[in-house]
Every structure is written in structure tokens, then in C-alpha cells.
Amino acid sequence: MRTLIDISVPLQAGIASDPPGLLPEIDYFTHDDTAGDILSFFPGATRDDLPDGEGWAIEHVRITTHNGTHLDAPYHYSSVMDGGARAITIDEVPLEWCLQPAVKLDFRHLPDGYVATADDVAGELDRIGHELRPLDIVVVNTSAGTRYGAEDYVSSGCGMGAEATLYLLERGVRLTGTDAWSWDAPFVYTAKRYARDHDPSVIWEGHRAGRRIGYCHIEKLHNLESLPATGFEIACFPVKIDGASAGWTRAVAIVPDRSESS
């Protein structure tokens, strides 16, 4: 036996899931709205010919590939990866990256805007007693996890810095994830650091670690609080969009029962 845990957020309009200008829009059309649409395919048919006079339910959606729970391809971060090779797009992501044993780093105690370091990662791995293996999926549980849809969601949670990200990638990790809006610290905090120090290396530093070692990550995960630290798998196959920087995913954690894992 095993338990499947949904770790995705619903794609939902009318909430603060993304910055202004990047929010999804969804128009809902009911069975009553669309009866005429289905009748247009059948000349001579009337509404009385339809069961209960109903058409179909359908939605028109205007979104980016980065709305909802989605998997970023290396192409999102840069045109190059692995030190100069062409960065792969979402339709080129190896499927084996997307179904692997997983580990959860609990960083809920870290303050909003904090940039996690390699020492933070190593310390948490030591606390939970896990040694990273190639292709492990690593997800980060931040304080943003319970804020999805709230006005402060985009500015909530810690982020993963370049050295923390490279710590994972150098040990063979190729897919990571976060329940925050971004893998990096919220931009409002990064902007303050840049204004203070004028150091351009702090801008999107966790993402741009992919220029050195190509990797994917999932953003807007959910319900990570319900996961154990280790001993589970994640499945997160992205929608296959030609040449795109990301694809939506219904990420699911697969947790075996104790008798199977013992």
C-alpha cells in the first residue's frame, strides 16, 4: 500500500498567487452557456435534443507557463547550462529527473527574505540523517507554504542562494522544489540588498546556478508540511510545451506504508 499526497496548488484566479501583471485569468462557461455551441455542430438540432438541454462545461484560461505549480526548465534561467551548452527547454527535460526518491528540507524557521547557504543545507541533511544521492529530488518547506493566495505570499519565505543550490547540484541533484513563489529569496528583499551593496551577483542567484550545472525546479508546491523528511518519492512530469521555459505539473508525493519502507 502507499499514500498519494497532492503537493500542488490549484490554478486559481482572483487570489494573490503571483505579482501584478502575471496573474492567471479563468473564464468559466456552464452547460447552460454553451448549449448553442454544441448545437452548431449538428444542423437542425435543437436544445430539446440535448440531455437536459445542456451543452458542455468549458473554461477559457489566460496564463503563463509559470502560473500554478510548475516545473522550470534550465532555459528559464539562461540560454546556456553546464558551463556553455545550450540550455534545454521543458520538452527536453529527462523524464527520469521527474520521478525519483525525495527529501524535504524544513526551513520554515528561516525568516522571510533569508538566503539559505550550503551550511544550512548540510546542517538540515545532517539533522534528518540523509546523505544525498544522484537524482534525489530535494524540496524546501518554507514559511510561504501556508500563505498561498494571501496578499503576502509572493514576499514570504526564505530563498535558496547560489552556494546552497550548487551544494545540491554538485552531489547529483537535478530537480528541486519550493512551496514559495520563487526558488530565490523574494525579490523585495533582494532589491534591498542590491540597493545597499550594488552587488549584481545577488540577483536571481539560485536560479542562475543552472548556468554552471543545468537543473530544474518546481515552484508553488503545497502541503509539504504533511510529508516526512525522507522515505518517499515525487512524481512531477511537466506538460510538454514545445520550446518553453516551464510546464505545469500535478506534483504528487508517493509515500509507502511503514511495512514497505521498513
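User: By class, how many nonpolar, polar and charged residues does the lining of the second largest pocket have?

Analyst: In this predicted model, the second largest pocket has a volume of about 160 Å³. The residues lining this pocket include Asp-6, Val-9, Pro-10, Asn-67, Trp-248 and Arg-250. Divided by class, the lining of the second largest pocket comprises four nonpolar, five polar and two charged residues.

User: Which residues lie closest to the centre of the largest pocket?

Analyst: The largest pocket holds about 190 Å³ of space. Its lining is made of 14 residues, which divide into four nonpolar, seven polar and three charged. The closest to the centre of the largest pocket are Leu-22, His-66, His-76, Trp-181 and Glu-219.

User: What is the volume of the largest cavity?

Analyst: The structure holds one cavity of 30 Å³ or more. The residues that line the largest cavity include Met-160, Asp-184, Arg-193 and Glu-205, and the lining as a whole divides into four nonpolar, two polar and three charged residues. The volume of the largest cavity is about 30 Å³.

User: Is Lys-220 buried or exposed?

Analyst: Lys-220 is located in the loop between β12 and β13. Its phi is near 65°, a positive value in a residue other than glycine. The cut-off for a buried residue is a relative accessible area under 20%. Because the relative accessible area of Lys-220 is 0%, the residue is buried.

User: How many residues apart in sequence are the parts that Lys-220 and Asp-18 tie together?

Analyst: Side chains of opposite charge can pair when their charged atoms come close. Lys-220 and Asp-18 form a salt bridge in which the closest N and O atoms are 2.8 Å apart. Lys-220 belongs to the loop between β12 and β13 and Asp-18 to the loop between β1 (2–6) and β2 (25–29), so the pair ties together parts whose separation in sequence is 202 residues.

User: How many salt bridges does a search of the whole structure find?

Analyst: One of the salt bridges joins the side chains of Asp-106 and Arg-108 (2.7 Å, N to O). Elsewhere, Glu-25, Asp-27 and Arg-62 are linked in a network of salt bridges. For the whole structure, the search gives a total of twelve.

User: In which helix do Arg-127 and Glu-124 both lie?

Analyst: The side chains of Arg-127 and Glu-124 meet in a salt bridge, at 2.8 Å from N to O. Arg-127 counts as exposed at 57% relative accessibility, whereas Glu-124 counts as buried at 6%. The two residues are three residues apart, about one turn of the helix, and the helix that holds both is α3 (residues 118–128).

User: Which residues make the nonpolar surface patch of about 500 Å²?

Analyst: Patch residues need over 30% relative accessible area. Phe-42, in the loop between α1 (35–39) and β3 (58–62), has 52% relative accessibility and therefore counts as exposed. The patch is made by Phe-29, Phe-41, Phe-42, Trp-56 and Ile-58.

User: What is the phi of Asp-82?

Analyst: Asp-82 is placed in the loop between β5 (80–81) and β6 (85–86). With 44% relative accessibility, Asp-82 counts as partly exposed. Although Asp-82 is not a glycine, its phi is positive, at about 50°.

User: What distance separates the C-alpha atoms of Ile-213 and Gly-172?

Analyst: Ile-213 is part of the loop between α5 (187–197) and β12 (216–219), and with a relative accessible area of 17% it is buried. Along the chain, Ile-213 and Gly-172 are 41 residues apart, and their C-alpha atoms are separated by 9.6 Å.

User: What percentage of the residues in the protein chain is buried?

Analyst: The protein chain has six helices and 15 strands. Its C-alpha atoms fill a box of roughly 70 × 55 × 35 Å along the principal axes. Of the 262 residues in the chain, the buried share is 49%.

Conventions
Residues numbered from 1 in each chain as written. Predicted model: local features only at pLDDT ≥ 70, side-chain atom pairs only at ≥ 80, totals over all residues. Heavy atoms only, no water. 1 Å grid on protein atoms, 1.4 Å probe; cavity = no way out; pocket = protein on both sides within 12 Å on 5 of 7 lines; lining within 4 Å. Points joined across faces, edges and corners; volume = space filled by probe spheres on them. Nonpolar A, V, L, I, M, F, W, Y, C, P; charged D, E, K, R; others polar. Patch = residues over 30% accessible without salt bridge, like charges linked within 9 Å, V, L, I, M, F, W, Y side chains within 5 Å. Areas by Shrake-Rupley, 256 points an atom, 1.4 Å probe, with all protein chains shown as cover. Salt bridge = Lys/Arg side-chain N within 4 Å of Asp/Glu carboxyl O. Helix = DSSP H or I, 4+ residues; strand = E, 2+ residues; numbered from the N terminus. Buried < 20%, exposed > 50% of the residue type's maximum accessible area, 1.4 Å probe, protein only.
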